Each structure stands twice: as C-alpha cells, then as structure tokens.
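Reader: I would like to go through the terms used for this model one by one, and to hear what each of them rests on.

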Amino acid sequence: MKVACSSCGAQHSLPDKKLVGLPRVQFQCGKCGKSTVIEIAANPDATQVLTPLPDFARSAGAPRLAGSSAEPNSLQLPSGKAIALSVIAGPARGLVYPVEKPRVVLGRADADIVINDKEISRWHCAIEIKGDVIRLRDMDSTNGTYFGDERVRVAELKHLSEFRMGTSVILVSVTPKFTP
C-alpha cells in the first residue's frame with residue numbers, strides 16, 4: 001500500500017499483508033520523523049474520508065478557491081449519468097439542485113448553489129467531479145463540512161452519500177441520464 005506522510009508528503013510503501021483487517025495504521029515518516037495515521041477502507045466501493053490532507057495539499061486561501069480547481073482540465077461530468085444534490089434537512093429542505101458542471105461551489109452567497117442557512121459560510125464547500133469520482137471539498141468554512149459524524153476537508157462520495165454543512169443535510173444521487 002502506497003501512503004504519503006501528512007506532514008511532508010514523502011511517499012512510503014506499507015506491507016499489504018500486515019494491514020489486512022486493520023481499520024487504521026500509524027507509521028513514522030523516514031524523512032521528517034513525524035507520525036501519520038492512515039484509515040484503511042475495508043470495502044473499496046465504500047465512501048472514503050480523505051482527511052486530514054497533507055500540509056502540501058492544503059489550500060492557500062480563498063483566491064485559489066474562487067477560481068477553478070488545481071486541475072481544471074481534468075474535471076468532467078460522467079457520461080450517461082445525472083448527478084443531483086437534494087437538501088433533506090435544514091431551512092432549504094426539499095430543494096433539489098442538478099449538478100451541471102464538474103465543479104460547483106455550495107454556500108450562503110455568491111456560490112453556484114446558494115443555500116439560505118445562517119450556519120453556512122459564504123463559500124462553504126465544493127463538489128468536484130472527475131468521471132465517476134465525486135469529491136466533496138471543504139473550503140475552509142467556519143463551521144466545517146461533515147461526512148457522518150466526522151468533520152472533513154475532503155471526502156469521496158457515491159450514490160446516496162449524505163453530508164452536512166451548517167444545519168443542512170445534502171443527499172447526493174447519481175442516476176442514469178434520461179435521453180428522449
């Protein structure tokens with residue numbers, strides 16, 4: 001298993017045989033000497049929480065976030081599938097937002113998808129899509145973005161995944177695209 005140090009980003013190889021059945025593993029970086037804890041996904045199809053990000057991968061602030069992602073050309077909507085975000089709890093409950101571009105920003109104001117929730121930051125989080133991979137990315141929001149009970153910076157989502165921002169719970173749905 002290839003892993004990266006959360007402090008310096010140095011790549012390490014951990015023996016797969018010793019990791020079987022473990023929910024997480026801790027290792028010490030050979031380059032900087034700091035410890036990193038890695039969550040091991042039991043099911044490769046399960047949603048993976050990718051947090052915390054290594055220091056080298058964290059955002060530099062709002063100006064970068066205002067534009068496109070670090071790899072704007074690599075983002076693309078999946079062919080033959082429609083993605084929608086449904087608000088299932090909170091002030092905007094019942095609203096459904098189709099995702100029509102590979103990167104959408106969710107927030108309280110000046111966002112691609114505006115949700116009127118006083119606990120949500122102006123630019124709270126982003127959904128980035130690259131083919132079949134749907135990534136939720138917190139945009140350094142004040143109150144955080146939650147997947148399950150865990151505050152996340154980045155998480156990979158799949159069909160029927162839920163995440164929370166402020167008092168709003170958002171459901172992700174991926175369905176075959178209807179073509180008449």
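**Terms and their grounds**

Author: The accessible surface of the protein comes to about 10,500 Å², and 51% of that area belongs to carbon and sulfur atoms; such areas come from the Shrake-Rupley method with a 1.4 Å probe, and for residues only the protein chains shown count as cover. This is a predicted model, in which local features need pLDDT of at least 70 and side-chain atom pairs count only at pLDDT 80 or more, while totals for chains, interfaces and linings use all residues. Residues are numbered from 1 along each chain as its sequence is written, and side-chain values use heavy atoms, with hydrogens and water left out.

Reader: What makes Leu 160 count as exposed?

Author: Leu 160 has 52% relative accessibility, and therefore counts as exposed. Leu 160 is found in the loop between β13 and β14, and has a positive phi of about 70° although it is not a glycine. Most residues other than glycine have a negative phi.

Reader: How do you know that Cys 8 is in no disulfide?

Author: A disulfide is a pair of cysteine sulfur atoms within 2.5 Å, and a search of the whole structure finds zero of them. For Cys 8 the nearest cysteine sulfur, that of Cys 29, is 3.7 Å away, and Cys 8 is thus in no disulfide. Cys 32 is likewise in none, the nearest cysteine sulfur being that of Cys 5, 3.6 Å away.

Reader: Why does Cys 32 count as partly exposed?

Author: Its relative accessibility is 34%, so Cys 32 counts as partly exposed; Cys 8, at 29%, also counts as partly exposed.

Reader: Which residues touch the most other members of the largest nonpolar core?

Author: Among them are Leu 85, Leu 106 and Phe 163, in a core of 24 residues; a nonpolar core is a set of buried Ala, Val, Leu, Ile, Met, Phe, Trp, Tyr and Cys residues joined through side-chain atoms within 4.5 Å.

Key
Buried means under 20% relative accessible area, exposed over 50%, partly exposed in between (1.4 Å probe, protein chains only). Helices (H or I, at least four residues) and strands (E, at least two) are DSSP runs, numbered from the N terminus.
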